[in-house]
Amino acid sequence: MAHEPRPSSGGRLRAAAETPTARARRVLGVGVSLLEVDELRVRLRGAGGLLTVVDGVGYRVDQGEVFGVAGESGSGKTMSMLALLGLLPEGAVVGGHVRFEDRELLGLSRSRLREISGRELAMVFQDPLTSLHPMLTIGRQLTEHVRRHLGLDRRAAERRALELLEQVRIPGGATALRAYPHQFSGGMRQRIAIAIALACRPKLLIADEPTTALDVTVQAGILRLLDRLRRENDLAVVLITHDLGVMSAIADRVSIFYAGRVVESGSCAEVLREPRHPYTRALLDALPHPEAAHDQPLVAIPGAPPNPGSIPSGCAFHPRCSFARERCRVEVPPLLVVQGRAFACPVDPLAAR
Amino acid sequence: MSVLELRDVVVDYERRGGGRVRAVAGASISVEAGRIAGLVGESGCGKSTLARAAVGLVPTASGSVVFDGRAVSPLGRRGRDRELARLQLVFQNPYSSLNPRRKVASQLADALSTLGLVPARKRDARVRELCELVGLPAGAAERFPHEFSGGQRQRIAIARTLAAEPSVIVLDEPLASLDASAQAQLANLLVSLSRELGLGLLLISHDLAIVRHIADAVSVMYLGLMVESGETHQLWELPLHPYSEALIKAIPRADGRGILPEALPGEVPDPGHPPQGCRFHPRCPYVFGRCRSEEPPLVGLAGDRFAACHLQPEGAEAALPGERAQLVARPDVE
């Protein structure tokens, strides 16, 4: 034998475990809306009064799709998600509408929101070392959830925990349940955090930079896992990331955030291949391109993203934008919808080239 | 000509409760003036330890570290050769490597006064010059570290090393935890510093995509050993070691094509108990008999390439490990 077959199969396996509704949706191209966010506004209490960190954001997430949210740090991606779960810091002021299935989430009591957010909505964070409890076994952390929310007894909960570990490909079964977080590697810990989030079979998983702290090889494994889970379980995933490569790998539709606003949204393929907003264009240009000549300087965006306290007038991106015109300084460009895509810019970089 | 030369460096750590971990098991790398040498590998492969050994922050168990003709000895109570100040290190996290209570100017001036490179009356001018060199905005010197973004803080850290008029800077993951745009700005700065000041840079990173863009040569490290090294563009276009190939395939591309990157099965093993034979064999897609028992040495191939893989015999023409696996007929039968 020349060599053994490669353990992980290459390419993207689509059809294998897709649910019928997921397949219908993919073929017909129609989505069943699960989450609708409209005019979401988040203001946080800062030293000088209230600071707007999310400024009228809207998007829709369909059942079973991966919705990518990208932007630089401080663009409001995380804050807009924390608002859905009622996890904003003390004193935050939230406005707008968040409809999850047929319920309005904003304004719900803390306990009611906790019921929904533990069960139907789940979240995974960047650093599994801080989101997992270091002193409790994996088994305890996996069963606590289902016992509380689904009312399972100890043995049923343990069966569910083993099932979850298998689903996220953690070897060891019952032995793994008795282990503590520090006994696992970073990638394994993130798999465990995902298993905990999936414990109550949520409909929506919010993953905030789930692979940022991981090596690329491990990151690829987590992306494959998320992709498989959403196919098998018809799970919708909101993927928050600053890495457009990660987004490109698994997102169906995306929104690009800048300074608390959505500047562009549409299908992932269209937005990344033909960006219509200069910011999206600039973000893509800043990446090391695999086919570019070596030693060709990277095209960085001048300056840095603005702080919430000092958002520029008009289009917030205008001071860094190479297409900026006079009106960009004064007018906030509306998010225009054109052929299933939306972008907030009067100058189309595709046309301007 | 190489300014910093690491030869067969071995670094051991004592493990709590006895026992020893060999974090670096015999690694060589050289840094030349005006060039950027990249060092990549997954976390736990020993790349940060090697960076520390390169500047003498950790003692080596064997092997040599030579900077500008002088042995780099570990930091000791007696201080060290002044000339070694020309070998500098930038840490990953600029939030913790800068003093939050002192203005940028005073932190930069510290370096100048300690080394006595600039007379006191010229120090302010030199501080401004350093800020300008790394592209900090005017007036940056009079501000505190918290007033800057992550990318700017990393620039301050680099400015501080430049105060020592170094000929080599070792940078340990300087680009990690930065946004794409800030990363691009800093990457461009590193290239221009190396070209314009003739600095040799040793750039340690887990991000092969960015290393590929700015490094002239690259070494790939796995579990304490170099598995491949060569000119960056060659290694990228035709990786010889299955591990380098896996690292490249794992990079997700922002092309909107929805292609899932290849995952490398398994985990990095415990460096305290490295696998027998080739350290990569339990995760290697092309593993065969010999790999499980015999450790492949780093050998030279045609075209100034180096790889440590049984599929790449010494002096052979460069070929992808997959092609080689088919070429090498029934390697189990020898």
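Start by selecting the interface between the two chains: 46 residues of chain A are in contact with 45 residues of chain B, where contact means that two C-beta atoms, placed from the backbone, lie within 7 Å. You are looking at a predicted model, in which local features need pLDDT of at least 70 and side-chain atom pairs count only at pLDDT 80 or more, while totals for chains, interfaces and linings use all residues. Residues are numbered from 1 along each chain as its sequence is written, and chains are lettered from A and ligands numbered from 1 in the order in which they are written.

**The chain A side of the interface**

Now colour helix 9 (216-233), helix 10 (244-250), helix 11 (268-273) and helix 12 (278-285) of chain A, the elements that give two or more residues to the side touching chain B. Helices (H or I, at least four residues) and strands (E, at least two) are DSSP runs, numbered from the N terminus. Helix 9 of chain A gives the largest share of this side, seven residues. Colouring by class shows 26 nonpolar, 12 polar and eight charged residues on the side of chain A that touches chain B. Here Ala, Val, Leu, Ile, Met, Phe, Trp, Tyr, Cys and Pro count as nonpolar, Asp, Glu, Lys and Arg as charged, and the others, Gly among them, as polar.

**Two stops in chain A**

Stay on helix 9 of chain A and pick A:Leu229. Is A:Leu229 buried or exposed? A:Leu229 counts as buried because it has 20 C-beta neighbours inside 10 Å; the cut-offs are 20 or more other C-beta atoms within 10 Å for buried, 12 or fewer for exposed, and partly exposed in between, with C-beta atoms placed from the backbone. Not counting residues up to four places away in sequence, A:Leu229 touches A:Leu198 and A:Leu235.

Next, jump to A:Gly151, in the loop between helix 5 (138-150) and helix 6 (154-167) of chain A. With 9 C-beta neighbours inside 10 Å, A:Gly151 counts as exposed. Its C-alpha atom and that of A:Gly46, 105 residues away along the chain, are separated by 41 Å.

**Across to chain B**

Select domain 1 (2-222) and domain 2 (226-255 + 265-327) of chain B; these bounds come from an automatic or database domain assignment. Taken over C-alpha atoms, the centres of these two domains of chain B are separated by 28 Å. Their contact takes 24 residues from domain 1 of chain B and 20 residues from domain 2 of chain B. On the domain 1 side, highlight strand 2 (20-32), strand 3 (36-40), helix 7 (208-214) and strand 9 (217-222) of chain B, the elements that give two or more residues.

**The largest nonpolar core**

For the last stop, show A:Val238, A:Leu239, B:Leu202 and B:Leu203, which touch the most other members of the 207-residue largest nonpolar core. Such a core is a set of buried Ala, Val, Leu, Ile, Met, Phe, Trp, Tyr and Cys residues joined through C-beta atoms within 7 Å. Domain 1 and domain 2 of chain B both give residues to this core, so it lies between them. Zoom in on B:Leu202: leaving aside neighbours within four places in sequence, its contacts include B:Leu4, B:Val31, B:Ala51 and B:Val168.
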